[in-house]
Amino acid sequence: MIEAKGICFHYKNCPVVLKDVDFTAEEGHFLAILGNNGAGKSTLLKCMNGILKPDAGSLLLDGEDLLTMPHRQVAQRVAFVSQTVASTQMTVHDMVMLGRRPYMGWSFSREDHDIVHAAMARLGLMDMRGRFLNQLSGGERQKVMLARALAQQPRLLLLDEPTSALDIRNQYQVLKIVAELCRTEGLTAVVVIHDLTLALRFCDRFLLMCGGQVYRCGGLEVLDKTALRDVYGVDAEPVVVNGRHIVLVNE
């Protein structure tokens, strides 16, 4: 379980970005962080990963405070997939192998290689394992970074707009894989995502943010017309089409 208590953060010489953020996500849940641009969603994710240090608060993963933990120990528990992926002269295999660095000694073991190959196979990357990242499309590179995160074997997976560079087929493939890992292996995943319909399709918990604060957190019931108006400033509502929830904007 991940439990955030009183997370506050501001950038130097800037107003406060996060104000007493509290939420929980149980083991096996897939939590979507939702809100307009500037609501503090990506900043919160970076605070959870240790990229940014909060001004105050605690972040407990199964009772252990990630904010006081050495970076190596955090990397053995938490994996992060950014929305931007570098185009570099590194092979797919070597990039995914970097996910094993928090565990390695002097060299990589056979177990490390097996874990890396399994992660690449899950994302359909085995055929391109010898290609360089700068030879791949943005969407393919994003899948490589997800494979690297899976190779870390994290208990908490953080994803910052992971589908922004993907076509619709790969959007569904990537989010379906994450949802399956949550359901079958007890992984807790947190995703910042703008597409509400994708969030409704694959996530089971929703954290709505507005002005750096938590507006609501819970299941599908928190996404109603009032919430969509207050958070996004639009007249919209969740509806069911062919058995699936989508958000319909009323013009």
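Guide: Over residues 2-236 the chain is 34% helix and 25% strand, and the end C-alpha atoms of that stretch are 30 Å apart. Please bear in mind that this is a predicted model.

Visitor: What does the UniProt annotation say of residues 2-236?

Guide: The unreviewed UniProt entry annotates residues 2-236 as "domain: ABC transporter".

Visitor: Why are helices α4 and α5 called oblique to each other?

Guide: The axes of α4 (residues 110-122) and α5 (residues 138-151) cross at roughly 140 degrees. Angles over 145 degrees count as roughly antiparallel, 65 to 115 as roughly perpendicular, under 35 as roughly parallel, and the rest as oblique. The pair α4 and α5 is therefore oblique. Their axes come within 9 Å, and the crossing is right-handed.

Visitor: How do you know which residues of α4 and α5 meet?

Guide: Contact requires heavy atoms within 4.5 Å. On the α4 side, Ile-115, Val-116, Ala-119, Met-120 and Arg-122 take part, and they meet Ala-147, Leu-150 and Ala-151 of α5. Of the residues in this contact, seven are nonpolar, none is polar and one is charged. Arg counts as charged.

Visitor: What makes β6 and β10 edge strands?

Guide: Six strands form an open sheet of mixed pairing, in the order β6-β7-β8-β3-β9-β10. Both β6 (78-81) and β10 (213-218) have a single partner strand, so one side of each lacks a neighbour in the sheet. From one strand to the next, the twist averages 15 degrees.

Visitor: How do you know that β3 and β9 pair?

Guide: Two strands pair if there are at least two bridges between them. Strands β3 (residues 30-34) and β9 (residues 205-210) are joined by four bridges and run parallel.

Visitor: What makes β11 and β12 a pair, and in which sense do they run?

Guide: At least two bridges are required for pairing. Strands β11 (residues 236-241) and β12 (residues 244-249) have six, and they pair in the antiparallel sense. Glu-237 stands opposite Leu-248 in β12. The hairpin has two residues between its strands, and Asn-242 takes a positive phi near 55 degrees.

Notes: Residues are numbered from 1 along each chain as its sequence is written. This is a predicted model: local features need pLDDT of at least 70, side-chain atom pairs count only at pLDDT 80 or more; totals for chains, interfaces and linings use all residues. Side-chain values use heavy atoms; hydrogens and water are left out. Axes are lines fitted to C-alpha atoms, for helices over the stretch in contact, and angles run from 0 to 180 degrees between N-to-C directions. A crossing is left-handed if the near helix is turned anticlockwise from the far one by less than a right angle, and right-handed if clockwise. UniProt positions are given in the numbering used here, feature names are shortened, and annotations may be inferred rather than shown by experiment.
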